[in-house]
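Subject: Structure handover

Hello,

Here is the structure I promised you. Please open it alongside this message, and my notes follow below.

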Amino acid sequence: MIKNVLSIAGSDPSGGAGIQADIKAISANGAYAMAAITALTAQNTQGVSGVHHVPASFVADQIAAIFADIKVDAVKIGMIANAGIAQSVADTLRAWPDVPVVLDPVMIAKGGTPLLAQDAVCTMRDALLPKTTVLTPNLPEAAYLLGKPEATTRDEMVAQGRELCGMGPAAVLMKGGHLDVDDSPDVLVTNKQEFWLNAPRFATKNTHGTGCTLSAALAAQIANGATMQEACSAAKTYVAQAIEAANQLSVGKGHGPTHHFASLYR
C-alpha cells in the first residue's frame, strides 16, 4: 500500500515552498501527502508581505484529526511560526512516538522575512528536537540554533551537526548550499558517523522552497522504508533534478520555484 506522510507547515500561495511544495515533493517521491497548516502567508517569488498564524489549539486539532482516522507513516515539520504552535505540535505528537519525524527548522524566508518568533527557538530546542528523527538545517539555521558563527568548512559542518545531535535528534542532515564552494555538499551526521552527499551547483535563481522540498522528499523516502542514508541520498538527488529543471518554469519575477515534477514532464 502507498504510505501516508503528514506535513505540518505554513502555506505559500505562490506554490514554491511550504505546504504546497511539501505536497508536490511527497507525491513525487511516491507517498500520499497530507497537511496540517500552521500559518497562512501572503507571499510570491519576490518576498513575504504578511503572515497570519493559525491558533495553536487548531493546529493540534488538525493533527489529531489525521491520526484519529489515518495511519501516518512519517511526519515532516516545517514552519511552526511561534512558541505556542511549537509546543502544541510537540504535545500532540507525543501520543505517536514511533512515527518518524523530519524537522526542517524554517526560520527566515529567502527574502529575509523572519518566519519564526524568537521565543519559539527555545521551544523548538526543548520540545521538538528530542522527538526528531532527522533535523535538516541549512548553515545559517544550524548556527542560529547553536548560538554560534555559521560553519564555513566541511569540518565545521560536521562538528555543528554533532552538536545538534546532542540536543536530541537521532540524525542531522547539514545542508551546505551556503558553503563557499563550487558544488553543493550536504552531510548526514549522527553521534558516531558522517555520510557526505554531493551534487553540482546549478546556475539558476529559481531555488525558492528547496529546504521544504528536500525535507518533504526525505520524509516520503523514510515512510517508504529507505534507510537514513538511502533516504537522504534519494532526496538530495530529487532536489538536484528539480533545481536543474527549474528554468523550464516561468513563475514570478524573483526567486522562482524548483520543478517538483520534472520527471513527469516532457
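**Overall**

Please keep in mind that this is a predicted model. The protein has eight helices and nine strands. Its C-alpha atoms fill a box of roughly 45 × 40 × 40 Å along the principal axes. The radius of gyration is 17 Å. A compact globule of 266 residues would have a value near 18 Å, so the protein agrees with that expectation.

Of the 266 residues, 53% count as buried.

The protein exposes about 11,600 Å². Carbon and sulfur atoms supply 53% of that area. On charge, there are 18 positive and 22 negative side chains. The centres of the two sets lie 3 Å apart.

**Cores**

The largest nonpolar core has 50 residues. Leu6, Val75 and Ile77 have the most contacts inside it. Helix α3, residues 83-93, gives the most to this core, with six residues. Another core lies apart from it and has 26 residues, among them Leu188, Leu197, Ala220 and Ala231.

Val75 deserves a look on screen. Leaving aside neighbours within four places in sequence, its contacts include Leu6, Ile8 and Phe67. Val75 also contacts Leu93, Ala219 and the run Val99, Pro100, Val101 and Val102.

**Two loop residues**

Start with Glu150. This residue is in the loop between α5 (139-146) and α6 (154-165). Is Glu150 buried, partly exposed or exposed? Its relative accessibility is 33%, so Glu150 counts as partly exposed. The C-alpha atoms of Glu150 and Pro140 are separated by 5.7 Å, although the two residues are ten apart along the chain. Beyond four places in sequence, Glu150 touches Leu139, Pro140, Ala143, Glu156, Gln160 and His178.

Next is Ser184, in the loop between β7 (171-175) and β8 (186-189). Ser184 counts as buried because its relative accessibility is 17%, and the cut-off for buried is under 20%. Which residues does Ser184 touch, not counting those up to four places away in sequence? They are Gly177, Leu197, Asn198, Ala199, Pro200, Arg201 and Lys236. One of these, Leu197, also belongs to the core of 26 residues.

Best wishes

Methods. Residues numbered from 1 in each chain as written. Predicted model: local features only at pLDDT ≥ 70, side-chain atom pairs only at ≥ 80, totals over all residues. Heavy atoms only, no water. Helix = DSSP H or I, 4+ residues; strand = E, 2+ residues; numbered from the N terminus. Rg over C-alpha atoms; globule rule 2.2 N^0.38 Å. Buried < 20%, exposed > 50% of the residue type's maximum accessible area, 1.4 Å probe, protein only. Areas by Shrake-Rupley, 256 points an atom, 1.4 Å probe, with all protein chains shown as cover. Lys, Arg positive; Asp, Glu negative; His and termini not counted. Charge placed at Lys NZ, Arg CZ, Asp CG, Glu CD. Core = buried A, V, L, I, M, F, W, Y, C linked by side-chain atoms within 4.5 Å. Contact = heavy atoms within 4.5 Å.
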